[in-house]
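My entries follow in the order I made them.

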Amino acid sequence: MSSEEMLYAKGSKIWIPHAEQVWESASLEESYHKGDTILKIQTESGALKEIKLKPDGSNLPPLRNPAILVGQNDLTTLSYLHEPGVLYNLRVRFCERQIIYTYCGIILVAINPYADLPLYGPNIIRAYRGHAMGDLEPHIFALAEEAYTKLERENCNLSIIVSGESGAGKTVSAKYAMRYFAAVGGSESETQVERKVLASSPIMEAFGNAKTTRNDNSSRFGKFTKLLFTNQMGVMYLQGATVHTYLLEKSRVVYQAQGERNYHIFYQLCAARAKYPELVLDHQDSYQFLNMGGSPDIERISDADQFNETVQAMTVLGFSIQQIADIVKILAGILHLGNIAVSKKYMEGSDVEDSDSCDIFQNDLHLQVTGDLLKINAEDLRRWLLMRKIESANEYVLIPNNKEMAMAARDALAKHIYAKLFQYIVNVLNKSLHNGSKQCSFIGVLDIYGFETFEVNSFEQFCINYANEKLQQQFNQHVFKLEQEEYLKEGITWTMIDFYDNQPCIDLIETRLGVLDLLDEECRMPKGSDESWAGKLVDKCNKFPHFEKPRFGTTSFFIKHFSDTVEYDVNGFLEKNRDTVSKELTNVLTQSNMQLCKQVMILEEVDTLGTDANKIATTLGGRVVISANRKQQLNETRRRVVSSKQHKKTVGSQFQESLASLISTLHATTPHYVRCIKPNDDKIAFKWETAKIIQQLRACGVLETVRISAAGFPSRWLYPDFYMRYQLLAHRSQIDKNDMKQSCRNIVLKWIQDEDKYRFGNTQIFFRAGQVAYLEQVRANLRKKYITTVQSVVRRFIKRRRYVKLQKIIFGIQRHARGYMARMRAQKLREARAALILSKYARGWLCRRRYLRLCHSVAGIQQYARGMLARNRFYAMRDYFRAVQIQRFVRGVLARRAYQKRRRSIIICQAAVRRFLARRQFKRMKAEAKTISHMENKYMGLENKIISMQQRIDELNRDNSALKHKTSEISVLKMKLEMKKNLEHEFKNIKAACLDKDKLIEALNKQLESERDEKMQLLEENGHSQEEWNKQKQIWCMENRELRKQVDSMIEMAKNAAGNQREHEERMLTEIDNKELNEAYQRAIKDKEVIENENYLLKEELSHFQQQHNGIAAFNMHHTRTASNASSQNEDDVGYGSAKNTLEINSRYPDLRNKNDSFLDNTSIVVKLRSILEEEKQKHRSLQEQYVKLASRNKPTEDSFRPTCCPPRGST
């Protein structure tokens, strides 16, 4: 039986093509035999199909890998290396296990999950640090660790090439690789160098990334970042970095397709326009350069926050505040430049349109704002947008631009400014990242655009695909070289592996009379056009096998790239290749007053990577070159392009030189490859679209790697591993545990007769594709055979053991059954006897229970009956008791009512009798009050008191006269004060140079100002006090009038009264007069105390004023009168009167106490003293008049006091 017949047996799993799923799994319904032309299969959906085969079996469907190999982390370890096997393995890992990384030899395949996964934290970095590639699950950190370890071990230059189509995750993969290098090359806590390296990413993304229909953050340029390391004591430390860019998509600045955006930085700037009002920016939809795509927003992304992050990153990388402000102005100037309106121009004096010229209004707002922002002459900008200069040998001609040409000149200027600004930012980044110190070696991270094909492919797609052709060639050569090195290391014989060589396609593009050469030649032609260039392509390039002309039309051509055939539209190729901008317009910007704008416009294109590549080639020099002929052709091409000095370099030639420098750099390094795959166009997490993924696998070289591996010896086993798995395939005599290599050789020679199917290396055994699966099948068959034999012996042993066991069990069961039956008979006899005894006791128990229940029932009935009778008796007794209580309370209420009625009658009678007796006694007392002796005794004490009060008033008058004398002295004191001030002024002038005296003068000036304020405040307080005095005087006048009325009424009542009992009434009258006189006397004493206190306070204020003007320190003005001070003024007034008067004075005149806290004005003091003295004199005169009137009145009669002063005794 051949190996094919063994592998394609009934039930084997195979793969068959499918229209939608590309590949579909099926199983064989019949075994395959050599010579069969039909193969019956059944698909997974249950459909039966027949496949036609060639008689030699060369088109047999590919076999599925064994289940043990499904989901392997390295595609090259699969037994069957073919397209469906690779696709299925990736699908299992991505969809079922949600693993996004898979190895394919030296390639790391990364599938974009469109979801945030916790795979890139510091703990993950520490987990992969120090582990070899393959020890842990595939990861971008594992690839970076492999490169960093090789850098430490061999001190050589390395590179990581990240490629894939737009939206596949290239930028993110490159970012995480650089993050790993920054972490392990420095420390986990970011230092200044690591911060700068990581901060460069948001800047490059803001200025070089844009939203496309396939990706929200698509890189529109190629980027090669060189991380520079230095060797310090055997450890590589990150020293700095440099960034090299390729082919920025300048056309995106002025045009975006539907559903796409311009570069992120423009939308970020519009979102943050409130921070820069000088830019005169509006909403992003109002600018022509930003509203073409109709998709200005990105989901879950805030442009304002992104702008803050970009500015912060620029600050970290050394951009000054002025530089950032100027960059923002240039960006805003580009936006306003795009809004400059170019209008039609009409012939002078008519309405006929002038098709050869156009016009821009001089007062155009955006034109003026652009001139102000860029600090250029707006009129010069307008002039050269409307005109162009054509130079000849000795003169130049000005030709007007039509509307289309003016708009093209405006757009070309905008692209030119942005490209120069982008180049300037990259230069600043490189200066900031590279500190100038000497580096030992570097790791380059290449983030470059993948193969692109759209409905309309232009010059950008052509350059991108050309770069991918060159990179694919370098990749194929490197993979082929690694295969050779592996075979040489193992010491096996091998033959040349045939692999796809895309050199013919590269020759079509870059050789003499190729696409780029013809494009440059057409650009140098005065009347060159896209159509004429397309015609030359058809004529000159039709001989190349990778070139195809279109069936219809002449505006396109086809190129067969390594991944697909692409149709290119020639429209715009020449303009984009020339990248021309008016020299006059650039001169206008060069003459700008903004330093940054001038500096940006004079930047020159410098291929720094080419210089670095030459240095690396001179330093290393020991790289293996696969094809010397190709290298020579490349050098010739570069020399031919560079030697053309009379013309400006075109974009194509510049890109070709940059690409050659890049390939040279990659050849001088050890490359590592990351292929990013985009699983779907809908950006749905873990969604798998087979057709899209297989196309990317073909384009990125993964399947080519698989094919190269399959063409050689893809399956490789170490001798110990092979021995442990396949030792059962050989006889025991052929196995030697001490010599595993010879044992493995015996196993292979026994089962594989074709020597071309395997090779024995020094440490491994190499197998062709499918041989490991064949050995697995043989091993499975042998295991099946051996297992069947072992099963038969084991089954016999199990059956016999079971028979013996059953026999023993049956004997035991019989023995136990007989014993059980005997025990059952004895048990029945015992149960019969026990039943009789139980029935006897049961009957007795039932009778006793019936009797007891009856007794319990009778006793219960009796108990409840007795209780009911007792309760009834209790209720009757309680009702009787309550009735008695109610009767008792009712009788008490009636008795109390009768008693109260009688008591009220008795009290009325007593009151009438007492009233009669009281009236009679009142008449008797009233008659007594009219006697003259009684009146004389009453007024005798009052005369003495009035005489003493008159003496006191005289003393006060003398004091007042003394005060008047002192007030006259105030004027003298004022004069002295003025003299003193003059002396002080002279003294200040003499001592002006002394700093201490200056401070004293300032203090005195401040004090004088405070005194003025206090004087003004005192004047206001004097006004308030005067108002209070007036109010108090009115109150006193009212009291006097009321007192006079009372006295008059009393005299009238005394005149009209008559009656008996004179002596008693005179005594009562005497008491009443004494009370009134006492009250008048007390009021006089109070007034006297007020005058004394005021005099005392005035004396204190006057003395304090004199002391202040005589230079004496301030006196404590918070002194108040006490009871002792009050009593000392009047010897007759002692006891409660003095203290009471003092309190009344303090409460009645609070303003006099508050005056002690400040200095008094001289004028206010004099005025106040006079007013107080006049008021006191008036008070004394009014009191004397009142007393005289009271004394001159007739004596009251007895009847005048009877109705008011003597209430009847029985009225209480």
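**Helix α22**

I checked the length of helix α22 (residues 651-667) first: at 1.5 Å a residue its 17 residues should span 24 Å, and its end C-alpha atoms are 24 Å apart, so the two agree. The expected span is 1.5 Å times one less than the number of residues. Helices here are DSSP runs of H or I with at least four residues, strands are runs of E with at least two, and both are numbered from the N terminus. The model is predicted, so local features need pLDDT of at least 70 and side-chain atom pairs pLDDT 80 or more, while totals for chains, interfaces and linings use all residues. Residues are numbered from 1 along each chain as its sequence is written, and side-chain values use heavy atoms, with hydrogens and water left out.

I then looked up the cover of α22 and found 15 of its 17 residues buried. Buried means under 20% relative accessible area, exposed over 50%, and partly exposed in between (1.4 Å probe, protein chains only).

**Sheets**

I traced an open sheet of seven strands in the order β5-β6-β20-β7-β16-β10-β11, with mixed pairing. Its edge strands are β5 (101-104) and β11, each pairing on one side only. I noted an average twist of 20° from one strand to the next. Two strands count as paired if DSSP finds at least two bridges between them. β5 and strand β6 (residues 107-111) run antiparallel and are joined by four bridges; T102 stands opposite V109 in β6.

I also found an open sheet of three strands, β17-β18-β19, with antiparallel pairing. β17 (547-548) and β19 (565-569) are at the edges with a single partner strand each, so one side of each has no neighbour in the sheet. β17 pairs with strand β18 (residues 556-560) over two bridges, and E548 stands opposite F558 in β18.

**Salt bridges**

I searched the whole structure and got 25 salt bridges, taking one as a side-chain nitrogen of Lys or Arg within 4 Å of a carboxyl oxygen of Asp or Glu.

I looked at R220 and E249, whose side chains meet in a salt bridge at 2.6 Å, N to O. This pair links distant parts of the chain, 29 residues apart: R220 is in the loop between β9 (218-219) and β10 (222-232), and E249 is in the loop between β11 (235-246) and α7 (264-271). R220 is buried at 7% relative accessible area, and E249 is buried at 12%.

I looked next at E379 and R382, where the closest N and O atoms are 3.2 Å apart. They are three residues apart in helix α11 (residues 378-386), which means about one helical turn separates them. E379 is partly exposed at 37% relative accessibility, whereas R382 is buried at 12%.

I recorded D681 and K692 as well, with their closest N and O atoms 3.0 Å apart in a salt bridge. D681 sits in the loop between β20 (670-677) and α23 (690-699), and K692 in helix α23, 11 residues apart. D681 is partly exposed at 39%, and K692 is buried at 12%.

**Surface patch**

I ended on V790, V794, F797 and I798, a nonpolar surface patch with about 350 Å² of accessible area together. Patch residues have over 30% relative accessible area and no salt bridge; like charges are joined within 9 Å, nonpolar side chains (Val, Leu, Ile, Met, Phe, Trp, Tyr) within 5 Å. Areas come from the Shrake-Rupley method with a 1.4 Å probe, and for residues only the protein chains shown count as cover. V794 lies in helix α27 (residues 771-928) and is partly exposed at 37% relative accessibility.

Conventions
Axes are lines fitted to C-alpha atoms, for helices over the stretch in contact, and angles run from 0 to 180 degrees between N-to-C directions.
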